[in-house]
Amino acid sequence: MDLSDTPEEAAFRARLREWLAAVLPGLPHQPSPDDWPGRRAYDLGWQRRLHDAGYADVHWGAPPSVRLIFLEETEKAGAPYVGANFVGLLHAGPTIAAEGTAQQRERWLPPILRGEEVWCQGFSEPDAGSDLAALRTRARRDGDAYVVTGSKIWTSHAEVADWCELLVRTDPGAPKHRGITWLALPMDAPGITVRPLRTLAGSAEFAEVFLDEVRVPVANRVGDENDGWRVTMVTLSFERGTAFAGEVVACRRVLGELAVEARKNGRWDDPGLRRRLGRLHAEFRALWRLTQWNVSAAQASGGVPGAGGSVFKLRYSHARQELYDAAAEVLGPDCLDLDRPWTLDRLSSLAYTIAAGTSQIQHNIIAERILDLPKGR
Amino acid sequence: MRFRLTDDQRALREGVREALARRFDADALRAAAEGAAGAEGGTEGEGMGRRGVGAGSSGNGGGGAGGDGTVRSENGAGGASGSASAGERAGVSGVGGERAGRAGAGGRPVRLAEADGGAAGARRTAGSPRLDRALWRALGDLGFFALRMPEAEGGVGLGLVEAVLVFEEAGRVLLPGPLVATHLAAGAVPGAATGETVVAAVDGGLVEWLAEADVVRGDATGAVPLRSLDPLTPLHRVPAGRPAPDPVAILLSAAEQLGTAVRVGELAAQHARAREQFGRPVGAFQAVAHLCAGILVRAETARAAVYAAAVTADPADIAAARILADEAAVRGARDCLQVHGGMGFTWESEVHLHLKRAWVRTQRAGGVTQSEDLLAAALASETV
Ligand SMILES: Cc1cc2nc3c(=O)[nH]c(=O)nc-3n(C[C@H](O)[C@H](O)[C@H](O)COP(=O)(O)OP(=O)(O)OC[C@H]3O[C@@H](n4cnc5c(N)ncnc54)[C@H](O)[C@@H]3O)c2cc1C
């Protein structure tokens, strides 16, 4: 067992640090959360810089341990988060890289890596959330195109996306997992309506997407017709792999800030609060170790994150909520002030046990796939 | 970074698991607990040998420790010279667990009087377990105690990571005895490394296995036996005890907790697959399945924390490991008990033994609050 960097890893880390130190001071200010075009431009601009510096494909081209160093160092340095590039870099990109044809990889991957195109994920539907395979958005073959009708919901970044990784039903007669197909949907195609949805935090992070007889070229299909479920599972395992590693680093920083704030406002004198923060410190240290553990396992198994991702996702999403509950205790009455950043973060943290597979679904996955318990109802 | 077990470490763990299965299997555990539950009727030496810790007989119940209920510790606060000579003596005479042999070790620093019958009845720890000296020697032969000593000094020459793996296995099977204290005494107390000397240590207000030890480290003056919650860990209360949290002791206890956490997860899942109600395995009910999944999540998170702490030996990592491992073991054992239903509430099932031992370990080294305080202080000082 070795937690230290290999010579290659150390060299990568050193180079990255040096580059971040040089480039970050010159970065423009983050746009306001409501400025969608501004956010899109900002996030793409950051990806462009990464690309030009040689870090573009770190999310799926590099070994998992290198990706982890990237996430750790960029977060520590206060670099921008993937933001609107999330789906492109962490879902659609890896899926196309793994399952796409040479032409498809050539068409879609470089613009993702160069920070030119934004992707969103059109999986969930009003009647297909946890039971994703129940999705009903219909795609009918018509010559060299699929004609798609239906609706998607909770589609993050839909308003600013160029492409949508879309799951559609191509064979309504087949068992539900076998009639699904994965399509790359151009978001400017005729027949698409995007209606933003306001989250409980007040912003419009996600949207409803209505599809009315939208024509999608057959050439935009990744994988075989009706094989979309398998293609999708490749994507989802990435989502639960190292996607949150940078956030664990961020949470540890927030903990330190909570201690500073508590000292300032006197609440540090409360041993109950101190111990609560001490426990959270243990929690996030452990989550970082668990990340390293999972990454090492993925590295050994050829890069595919396993069910360990569910263990991490489950634990982390709750820890994050507890962190911001503790922040509320540190803030006291100020925890009701939306101008305190932790107040908004506390609201956002509520999504973590729902998005990317609810906590209940993660429990099911662990029970069935790791513990081999019978499938429940 | 390569945060995985090496092949050697994997082999070590397998080897230890097999050796422990031969020496102290589930039957031995149950028999030991059975014996401890039993009343005073056992005969001398019963249960020694293959079946591990056996019934305490009325003659050596570990109950009265001297007429005044105290145990004397001649070596004071772990003074090296005192314990060394004591250890030598014990090394000569305290072999094999024969009662006669032990009685012959008249100069042992911890001299337990024979059970005092009715006089101190209120304090008596009826059925207090005896330490299986043969097992202890076998552990010594295995290298359990000398694991981290340099090879030049007769040790195995391995490190903290390997020690953690071995203690995880010990925790998994609920191996009885003052394992951590004796392991830490190896090299300092003669005979400890080989398992010839049984070493107990004062830890806060408690001493585990005092009556069975040849050497006690720390000041055990005024020790009084208590009726131990854990049938397989006899306990004494000491009045003046202050926790002396050696980080390695904390880590090895955390490793034992990890072993328990993993084991109760397996037991819970096994039972959930096998036990049927309403025409299906109870594990098909989500309420049950999610309890099992929760045990696994806590255990695996604790594993990452414990292993990492073994690699870094950083006190903050060790404190974190302890917090996570205590939680994983205690909550895991409780949920495991819940999954077992009424069977879980019986003496016969091994589940309660895991919970009770986990509770015992939570009291070590100042308890979890000590670790929480340390990590809170670290938050304020370091850049985490
Ligand atoms: C902030 C945010 C961003 C999102 N972004 C996207 C996106 O970009 N693209 C996209 O496609 N989707 C996205 N989602 C959707 C997300 O994947 C779904 O919300 C999630 O899968 C849950 O589905 P649901 O909302 O329909 O809840 P439901 O499935 O209706 O669940 C309701 C409740 O029932 C429980 N439940 C359901 N089934 C079971 C079961 N079998 N066993 C036990 N309990 C069960 C759930 O745990 C939950 O508590 C996003 C969600 C959020 C909150």
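Visitor: Where is A:Leu290 placed in chain A?

Guide: A:Leu290 sits in helix α8 of chain A, which runs over residues 271–300. Bear in mind as we go that this is a predicted model.

Visitor: Why is A:Leu290 called buried?

Guide: The relative accessible area of A:Leu290 is 2%. Buried means under 20%, so A:Leu290 gets that label.

Visitor: What is A:Leu290 in contact with, leaving aside its neighbours within four places in sequence?

Guide: A:Val311 and A:Phe312 from chain A, plus B:Glu300, B:Thr301 and B:Ala304 from chain B. A:Gly332 is another story: 42 residues along the chain from A:Leu290, with 32 Å between the two C-alpha atoms.

Visitor: Now B:Arg303. Why does B:Arg303 count as buried?

Guide: B:Arg303 has 10% relative accessibility, and the cut-off for buried is under 20%, so B:Arg303 counts as buried. You'll find B:Arg303 in helix α9 of chain B. Setting aside neighbours within four places in sequence, its contacts are A:Trp293, B:Arg13, B:Glu168, B:Leu258 and B:Val262.

Visitor: And B:Pro150, what makes B:Pro150 partly exposed?

Guide: Its relative accessible area is 39%. Buried needs under 20% and exposed needs over 50%, with partly exposed in between, so B:Pro150 is partly exposed. B:Pro150 belongs to the loop between α5 (133–142) and α6 (160–172) of chain B. Beyond its neighbours within four places in sequence, B:Pro150 is in contact with B:Gly155 and B:Gly157. Its C-alpha atom is 21 Å from that of B:Tyr307, which is 157 residues away along the chain.

Visitor: Which residues touch the most other members of the largest nonpolar core?

Guide: Those are A:Phe284, B:Val306 and B:Tyr307, in a core of 160 residues. Helix α9 of chain B, residues 286–312, gives the most to this core, with 16 residues. There is also a second, separate core of 29 residues, including A:Trp108 and A:Trp119.

Visitor: What is B:Val306 in contact with, neighbours within four places in sequence left aside?

Guide: Quite a list: B:Val164, B:Leu251, B:Ala254, B:Ala255, B:Leu258, B:Ala321 and B:Ala325.

Visitor: On to the ligand. Where does the ligand lie?

Guide: Between chains A and B. Of the 18 residues around the ligand, the nearest are A:Ser130, A:Trp154, A:Thr358, A:Gln360 and B:Gln286.

Visitor: How much of the ligand does the protein cover?

Guide: The protein covers 65% of the 970 Å² of accessible area that the ligand has on its own.

Visitor: How do the residues of the shell divide into nonpolar, polar and charged?

Guide: Eight are nonpolar, 10 are polar and none is charged.

Methods
Residues are numbered from 1 along each chain as its sequence is written. Chains are lettered from A and ligands numbered from 1 in the order in which they are written. This is a predicted model: local features need pLDDT of at least 70, side-chain atom pairs count only at pLDDT 80 or more; totals for chains, interfaces and linings use all residues. Side-chain values use heavy atoms; hydrogens and water are left out. A nonpolar core is a set of buried Ala, Val, Leu, Ile, Met, Phe, Trp, Tyr and Cys residues joined through side-chain atoms within 4.5 Å. Buried means under 20% relative accessible area, exposed over 50%, partly exposed in between (1.4 Å probe, protein chains only). Helices (H or I, at least four residues) and strands (E, at least two) are DSSP runs, numbered from the N terminus. Contact means heavy atoms within 4.5 Å. A residue is near a molecule or strand if one of its heavy atoms lies within 4 Å of it. Accessible areas come from the Shrake-Rupley method with a 1.4 Å probe; for residues, only the protein chains shown count as cover. Ala, Val, Leu, Ile, Met, Phe, Trp, Tyr, Cys and Pro count as nonpolar, Asp, Glu, Lys and Arg as charged, and the others, Gly among them, as polar.
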